[in-house]
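Here are my notes on this model, point by point. Keep the structure open beside them as you read.

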Amino acid sequence: MNDRQAAHRPTYEGRPLPRPEQDVVDQGLAFDLGTALSRRRLLTFLGLGAATAGLAACGGDSAGTAGPAGPAGPAAAAAGSNSAEIPEETAGPYPGDGSNGPDVLEQDGIVRSDIRNSFGDADGTAEGIPMTLELTITDLADNGAAFAGVAVYVWHCDRDGNYSMYSSGITDQNYLRGVQIADADGRVRFTSIFPACYSGRWPHVHFEVYPDQSGITDSTRAIATSQVALPKDACDAAYAQAGYEQSVKNLAQVTLDSDNVFGDDAGVRQLGTVTGDAITGYKVALTAGVDTTTAAGGGQAPGGDGDGGPGGAGRPGGGGGAGGLPGGYGAGGPGGYGAPGGYGGPPPGGQGGYGGPPPGGQGGNGAPGGQPSAA
């Protein structure tokens, strides 16, 4: 072969084909081995490069790395990721989305950013350390793009560990519940208070994501149901403040690993990034990836349609007796609440069952310090 012929000889990955008249896959064993070795070297190089980059990201010098609650800690990595789907979790027994009775999402005024006050016919206010909650929703079905236009419903307990619309004494209130529509960056912001830690649960905030504002009146249309976990150092500082005394004891009895919601992975994808302090207030941020190609499955604790009996008494700190029919919702007689073995509500007193709509019966009494059902 002369130089002119060699110059026009077909090549593959820069190497001349020994059999130019045949396909690449038919060039012979020697050529195939050379191709495999070239690719392996490339992969090895890429692997080493990725590992080096990973070590650099994880092992920055101590002067530039914040702790778990700081902007550069592990929580920040979780909050900044848009590639992982937020785990589906239970909505708990106090959702207020109509799935087990009370429905705040049907009320005018629910779309709001400041959720510290009740609205409509209620006028209560939740007291506590100021907290701004910022959630960024990404669309994993669209390569992690900002999920603009989705409606995000947020709710959580108050400083005493009680939930509006459900807990004794505040069933006529609807504070600490609200909806925001994600902006062009997929972001929603709420002004609220730092929630308590009640017995049996790690401090958390619930949220549901709906395709749009029109879908919030039907809880079955939620495309994601999950919870935000709050970092321990922020909780320790917050609960040292007046009004949060009971939370100190409750937090000492639970960990992220033992929690019945976050315990499967210590809440690694749900741990919010917290900045601020217990005096001026906190900002909690989390990025939540939502994949509309997978089935949403958080939902609600099982509920029945029959008349519930009174919730049974439980031993101090334990679960109550059978709450009537499983998840029964009273329609006339005393209405029990909860699955068999009934659950008390947040301390200092158990959450009793609740009656149905008028003329609904009186709810049964829960056990002191009873264990809530994955609230």
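1. Contacts along the chain. A contact means heavy atoms within 4.5 Å. Of the contacts in the chain with a separation of 6 or more, 67% are between residues 24 or more positions apart.

2. What kind of model. This is a predicted model, in which local features need pLDDT of at least 70, side-chain atom pairs count only at pLDDT 80 or more, and totals for chains, interfaces and linings use all residues. Residues are numbered from 1 along each chain as its sequence is written, and side-chain values use heavy atoms, with hydrogens and water left out.

3. Confidence. The predictor's confidence in each residue is the pLDDT, from 0 to 100. The chain averages 74, and 57% of the residues score at least 70. Over residues 2–8 the pLDDT is below 50. That stretch has 1 contact in the model beyond near neighbours in sequence. Residues 35–82 also stay under 50. For them the model has 43 contacts beyond four places in sequence. Where pLDDT is low, the predicted coordinates should not be read in detail.

4. Overall make-up. The chain has 5 helices and 11 strands. These are DSSP runs, numbered from the N terminus (helices: H or I, at least four residues; strands: E, at least two). Of the 375 residues in the chain, 45% are buried. Buried means under 20% relative accessible area, exposed over 50%, and partly exposed in between (1.4 Å probe, protein chains only).

5. The four-stranded sheet. Look for an open sheet with the order S6-S5-S8-S9 and antiparallel pairing. Two strands pair if DSSP finds at least two bridges between them. Strand S6 (177–181) and S9 are the edge strands, each pairing on one side only. On average, neighbouring strands of this sheet are turned by 25 degrees against each other, direction ignored. Axes here are lines fitted to C-alpha atoms (for helices, over the stretch in contact), and angles run from 0 to 180 degrees between N-to-C directions.

6. How the strands are joined. S5 and S6 run antiparallel, joined by 5 bridges. S5 also pairs with S8 in the antiparallel sense, over 5 bridges. Follow Trp155 in both directions. Its bridge partner in S6 is Arg177. Its bridge partner in S8 is His206. Ala151 stands opposite Tyr210 in S8. From S8 to S9 there are 6 bridges, again antiparallel. There, His204 stands opposite Ala229 in S9.

7. Cover on the sheet. How many residues of S8 are buried? The count is 7 of its 7 residues. His204, His206, Glu208 and Tyr210 point one way from S8. Val205, Phe207 and Val209 point the other way. S6 is mostly covered too, with 4 of its 5 residues buried.

8. The largest nonpolar core. A nonpolar core is a set of buried Ala, Val, Leu, Ile, Met, Phe, Trp, Tyr and Cys residues joined through side-chain atoms within 4.5 Å. The largest one has 43 residues. Leu135, Ile137, Val152, Val154, Phe194, Phe207 and Val209 have the most contacts inside it. Elements that each supply at least two residues of this core include strand S3 (130–139), strand S5 (151–155), strand S8 (204–210), H4 and strand S11 (281–290). S11 gives the most, with 5 residues. Apart from this core lies another, of 19 residues, among them Tyr94, Trp155, Val179 and Tyr210. In soluble globular proteins, nonpolar side chains tend to be buried together.

9. Leaving out residues up to four places away in sequence, Val152 touches several residues, including Leu135, Ile137, Val179, Phe207 and Val209. Thr136 sits in strand S3. Thr136 counts as buried because its relative accessibility is 14%. With the sequence neighbours up to four places away set aside, Thr136 touches Asp185, Gly186, Arg187, Leu286, Thr287 and Ala288.

10. Helix H4. Which residues of H4 are buried? They are Ala234, Cys235, Ala238 and Tyr239. These lie on the same side of H4, because they cover an arc of only 120 degrees around the axis. The arc is that of the directions from the helix axis to the C-beta atoms. What covers the buried residues of H4 includes H5, strand S10 (273–277) and S11.

11. Ala242 is found between helix H4 (232–239) and helix H5 (245–251), in a loop. Is Ala242 buried or exposed? Ala242 is exposed, because its relative accessible area is 63%. Ala242 and Ile129 are 113 residues apart in sequence. In space they are 9.6 Å apart, C-alpha to C-alpha.
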